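This report covers one annotated site and its surroundings, followed by the overall form of the chain.

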Amino acid sequence: MTARQSLAEGPLGEALVHLENGNLPAAQEALRQATAGGISIGPGASLYYGAPALAFVLAGTDQPGLGRARSIAADATATVTRQRLQTAHRRMDTGQRPQFAEYDLIRGLTGLGVVLRRLGEHHLLDEVIQYLVRLTEPVGDLPGWWCANGPDRNQPAPPGGHANHGIAHGITGPLALLGLTMRDRPTVNGHTEAIARICRWLDTWQQQTGTSSWWPQTLSLTDLHHGTPAQRHPLRPSWCYGTPGIARAQQLAAQATHDTTRQYLAEFTFAACVNDPAQTRQLTCRSLCHGSAGLLAVGRRIAVDALTPIPLGHLATLHQMTAPADNEPTGLLEGTVGTDLINAATTSTSWDAALLLQ
């Protein structure tokens, strides 16, 4: 895979920024760089790579000169999605465990669902939601999303695989998409039950440290057998794996199901997290993925929908005070493109749908 087709670290991210800011010439130049030599519909194609990434970027603009490219990218995304759905259902039919890249936001069907929702492709999006409903059904003694692989591609998987909770790679990504699509329009069969299954699982594994609630990033079979996670305290409050992303997913699910108790608890959990210096001091970079920009992006969306006011001034200050890293990359998720977006964005912009925040 080449970086030029990557929304996370290539010119597609730059095009997204320029389109958000209304700079069409700069956006067109970035798009030319991204699509030089064609655009992928291969195994790596996803919300963050190839044709679906291009479709996501172009869906946010109505510029007439980009209409044909939007249509081509949308058709390619539909082709990729149908292929992935067929593969996923065949895997389920055999009783095999998934890899998290099958269903996650970054590389999987949840991310493709984000693109389809942005494109308004409701029929195919419903097929993705039906897949996610099936994914939540238990297989034996474990949830259907229990992964065969480990959370770190550079490390061996723990014996028996793992459950992943992060919004980027874990089951709270599907939860957020299930909540958002239920808020949008009528649901598919089993939609409400799927949300309930994920929420019950999160309730079971919610941990408490002082006044802060949190969730382990992952669970192993050993954790299940012991009834407690090996992780003993909350880690950094990042978008990708931390409490903020998980809280936003629960807030969206609660709104969709009119569960004001869960919504209040999700918002309280977020507020307690970001007001805990022991957690916020773990943020050492400015990035969207695992730094202060991502925390601020989550906070803005949670605050807009919150049942009670959640002040965010200290998060903006935290972000401003976090120094750029030496040789900071230029990408969306881990670099300057993401920090530029969060610095310029308002709640009327739509780019943060790529983070499953709206």
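In this predicted model, Cys240 is in contact with Gly166, Ile167, Ala168, Cys289 and His290, leaving aside its neighbours within four places in sequence. With the same exclusion, the contacts of Cys289 are Ser238, Trp239, Cys240, Leu333 and Glu334.

The UniProt record, an unreviewed entry, assigns the feature "binding site" to Cys240, Cys289 and His290. These residues are spread over 51 residues of sequence, yet they cluster in space, with a largest C-alpha distance of 6.0 Å. Cys240 and Cys289 are among the residues that line the largest pocket.

| Residue | Loop | Relative accessible area |
|---|---|---|
| Cys240 | between α10 (221-226) and α11 (243-257) | 4% |
| Cys289 | between α13 (277-280) and α14 (292-305) | 11% |

Buried means under 20% relative accessible area. Cys240, at 4%, therefore counts as buried, and so does Cys289, at 11%.

The chain as a whole contains 16 helices and four strands. Its radius of gyration is 19 Å, close to the 21 Å that the globule rule gives for 358 residues, so the chain is as compact as a globular protein of that length. Along the principal axes, the C-alpha atoms fill a box of roughly 55 × 50 × 40 Å.

Of the 358 residues, 54% count as buried. Among contacts with a separation of 6 or more, 66% join residues 24 or more positions apart. The chain exposes about 14800 Å², of which carbon and sulfur atoms supply 51%.

Methods
Residues numbered from 1 in each chain as written. Predicted model: local features only at pLDDT ≥ 70, side-chain atom pairs only at ≥ 80, totals over all residues. Heavy atoms only, no water. UniProt positions renumbered as here; feature names shortened; annotations may be inferred. 1 Å grid on protein atoms, 1.4 Å probe; cavity = no way out; pocket = protein on both sides within 12 Å on 5 of 7 lines; lining within 4 Å. Helix = DSSP H or I, 4+ residues; strand = E, 2+ residues; numbered from the N terminus. Buried < 20%, exposed > 50% of the residue type's maximum accessible area, 1.4 Å probe, protein only. Contact = heavy atoms within 4.5 Å. Rg over C-alpha atoms; globule rule 2.2 N^0.38 Å. Areas by Shrake-Rupley, 256 points an atom, 1.4 Å probe, with all protein chains shown as cover.
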